[in-house]
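Here is a short report for a reader new to this structure.

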Amino acid sequence: MTHSPGHEHCQTFRFVAWQWCIDTAEELIRADGEAAATFHPQGILTSLDQFLPLEPARPGFLRLIEIEIDHDYAMTRTELVKPILVAPIEPEKGDNGVIVIDGWHRVYRARKEGREYLPFYLLTPYAEQKSRVPVWIR
Ligand SMILES: [Zn+2]
């Protein structure tokens with residue numbers, strides 16, 4: 001599981017102890033289709049609100065994880081028709097957890113505009129593992 005040469009400038013997403021190469025994930029979806037990801041036209045977004053700075057945190061309430069969002073970028077430069085990318089977390093361990101690895105600005109914009117759904121790709125375990133990058137590389 002190495003991050004390929006030629007990937008020095010690719011986009012990555014890090015979440016706690018995991019990191020993924022978004023470029024690799026997108027290449028796999030283009031090249032391998034359904035072997036790399038399943039397409040879902042309507043992913044429900046409301047469970048993601050807890051990770052986004054949509055509202056100020058309640059007094060005395062600490063957000064453990066908050067995704068950094070550039071508000072102006074999100075509201076003017078994103079295209080909500082582009083599917084977000086969702087990855088299973090350590091599927092080899094039989095865990096059922098998933099995490100958005102690309103498209104947080106689209107999720108933020110959609111929620112700000114009152115939308116509850118966006119299209120997404122769910123990576124297969126194969127594509128998730130091919131896209132996963134050791135955290136210490138960058
Ligand atoms: Zn890469």
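## What covers helix α1

This is a predicted model.

Which residues of α1 are buried? Helix α1 spans residues 22-32, and Thr24, Ala25, Leu28 and Ile29 are buried in it. These four cover an arc of only 135° around the axis, so they sit on the same side of α1. The spacing fits a general rule. An α-helix has 3.6 residues a turn, so residues three or four places apart point the same way.

The face turned away from the buried side carries Arg30 and Ala31, which are exposed. After α1 comes glycine 33. The phi of glycine 33 is positive, near 55°.

Strand β1 covers residues 12-15. It pairs with β2 in the antiparallel sense, over four bridges. Arginine 14 stands opposite glutamine 19 in β2.

The hairpin of β1 and β2 has two residues between the strands. Here valine 16 takes a positive phi, near 50°.

## The partners of β6

How do β3 and β6 pair, parallel or antiparallel? They pair in the antiparallel sense, over six bridges. Isoleucine 44 has tyrosine 117 in β6 as its bridge partner.

β6 also joins β4. These two strands run parallel, with three bridges between them. Leucine 85 stands opposite tyrosine 121 in β6.

## The chain as a whole

The protein chain has four helices and six strands. From the N terminus on, its elements run β-β-α-β-α-β-β-α-β-α.

How does the radius of gyration of the protein chain fit that of a compact globule? With 138 residues, a compact globule would have a radius of gyration near 14 Å. The protein chain has 15 Å, which agrees. Along its principal axes, the C-alpha trace spans about 45 × 30 × 30 Å.

Buried residues make up 28% of the 138 residues. Among contacts in the protein chain with a separation of 6 or more, 69% come from residues 24 or more positions apart.

Technical notes
Residues numbered from 1 in each chain as written. Predicted model: local features only at pLDDT ≥ 70, side-chain atom pairs only at ≥ 80, totals over all residues. Buried ≥ 20, exposed ≤ 12 C-beta atoms within 10 Å, placed from the backbone. Arc of directions from axis to C-beta. Pairing = 2+ DSSP bridges. Rg over C-alpha atoms; globule rule 2.2 N^0.38 Å. Contact = placed C-beta atoms within 7 Å.
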